[in-house]
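Biologist: I would like to learn how to read an interface between two chains. Please take it one feature at a time.

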Amino acid sequence: MSSDVMLVAHRCQTCGKVHYPRHDRCLRCKRREFDEIHPQGNAKLLTYTAIYSLPCGFDQPFLILGVGEFENNVRALGQIKTDSVKRLWTGMVVKAEWGPIRFQADRIVSGLVFEPLE
Amino acid sequence: MREVAIIGAGMIPFGRREQDELMDMLATASLIALDDAGLGDTSVDAVHVANVGGGMLQHQSAIASSLTDRLSLLPAAAETIENGPASGASAVKAGFLAVASGYYDKVLVVGGEKMHDISAPRATDFVAAMTHPQAEYPYGITMAGLGGMFARLYMEKYKITPLHLHAVSVKNHEMGALNPYAHIKSPIVPESVFEGDFAEINNPIVADPLRLYDLCPVSDGAAAVVLSTVEVAKRSGRPYAVVAGFGQATDTHTLAQREDPVELKAVTLAARAAFDMANLTPSDIHVAELHDAFTILEIAISEHVGFFKKGEGGEAALDGKTCLGGQIPINVSGGLKARGHPLGATGVAQVAEIVWQLRHELPPERQVQNAEVGLTINLGGFANNVLCFILKRVQP
């Protein structure tokens, strides 16, 4: 995984549950103390979709998105760099990068981008 | 806690209502429900309005105050209730609790949405605003996109095929064609929608694996109900419905954070609470309105409520068990799929439909014979806030 992925997740100091996005109390044990962690390694693709009816702000025919689970249990939604869902399957390994995901208010917004490795 | 009756129900046809402003729709549905309740010029104690997009789409806030004035229901208390696509059921819940507590005797609940004031990409963006602002929304996710990711997992895990999804779609379109309030009134011709050379054109992918005919339309519309004490209901001398059970539960905002993303935990918990309160089980339900924003959701919810075991909802739909006359008729109104899904109106419309079913006043082609108990499930977000009502018929 590229080291400059800016995504910050949180691991509960008490029970170890990993949270992304941020929670102020642990979903499992309800404690409030967390360590900040970053996604580690590659991710396993849990599910994905190609969206053809896009919201405003996306000037393209379709967008492929999926949920990846990293080696340290961080789960997050990201865009997937591929031209067809036919090249994807659940459980496949993807590499994560931090890159442009959309234009908003005349600026580039960056986020998680997955690239299939298989 | 006092027993709560539903003494009036009203709706306007859902669809593309370019001639109407949001307030026109809310007012019309309200007046129909008030007349149906037989309240005449008597006022109500409170008005609860369910709406999601008034502020974002019509640039109008404090809608309940405005509607209460327009209907000359002053000085009734007035609240606007926003809870995403579950706003309607949340408004009914607020009315139910107010009457049950003994604070109010009569409450008007109305839900409405005007979604055709804007372009399709803006409407998609408006609905996507309920996704997580950092972890989901910036990526371009839509509700249909979440539905697609959920469908892929659910279909893989429970061996659901497109044929199962088609069965839901065909059934709901067939029923919508019989419902004067439905947005979509055209039955599906499977040969042209699902099969043949033009299937890809007629039924394109919207959010893989979900296709156009798996999704509810974007609709304008409004629905209303009037809640009261049982004493007020008895005076009418005609059958009415009472709230026998209610339950609500929440789940994580993002689909990704759920331990098992195909588990609709909030649906199970909300339904369980409602069944416990009503002292009933799923086999006691005669008719149900489930939140089928996507065909896969009707199947998944029917299992999570307990009508079918996990993995059997698809076959049940294919076998006709959820049709009128089947084991448990689901979405005899056409559901969100065909009646339409004006966000704030949906939860109220579900309750109104069940009230009509329990009063036995629908035409034979839509009436569930001898319906005595009905259930509704209204989802907020992607099943992260779920409300369940169980209504029971009372013959005075």
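Modeller: Contact means heavy atoms within 4.5 Å. By that rule the interface takes 36 residues from chain A and 31 residues from chain B. This is a predicted model, where local features need pLDDT of at least 70 and side-chain atom pairs count only at pLDDT 80 or more, while totals for chains, interfaces and linings use all residues. Residues are numbered from 1 along each chain as its sequence is written, chains are lettered from A in the order in which they are written, and side-chain values use heavy atoms, with hydrogens and water left out.

Biologist: How much area do chain A and chain B bury between them?

Modeller: Buried area is the accessible area (1.4 Å probe) that two parts lose on being put together, summed over both. Here the value is about 2,700 Å², with 58% of it on carbon and sulfur atoms. A:Cys56, A:Arg75 and A:Leu77 supply 20% of the area that chain A buries against chain B, more than any other three residues.

Biologist: How many salt bridges does the rule find across the interface?

Modeller: The rule asks for a side-chain nitrogen of Lys or Arg within 4 Å of a carboxyl oxygen of Asp or Glu. It finds one across this interface. The partners are A:Lys17 and B:Glu259, at 2.8 Å from N to O.

Biologist: Is B:Asp208 buried or exposed?

Modeller: Buried means under 20% relative accessible area, exposed over 50%, and partly exposed in between (1.4 Å probe, protein chains only). B:Asp208 is buried, at 10%. Beyond its neighbours within four places in sequence, B:Asp208 touches residues including A:Tyr48, A:Thr49 and B:Arg152.
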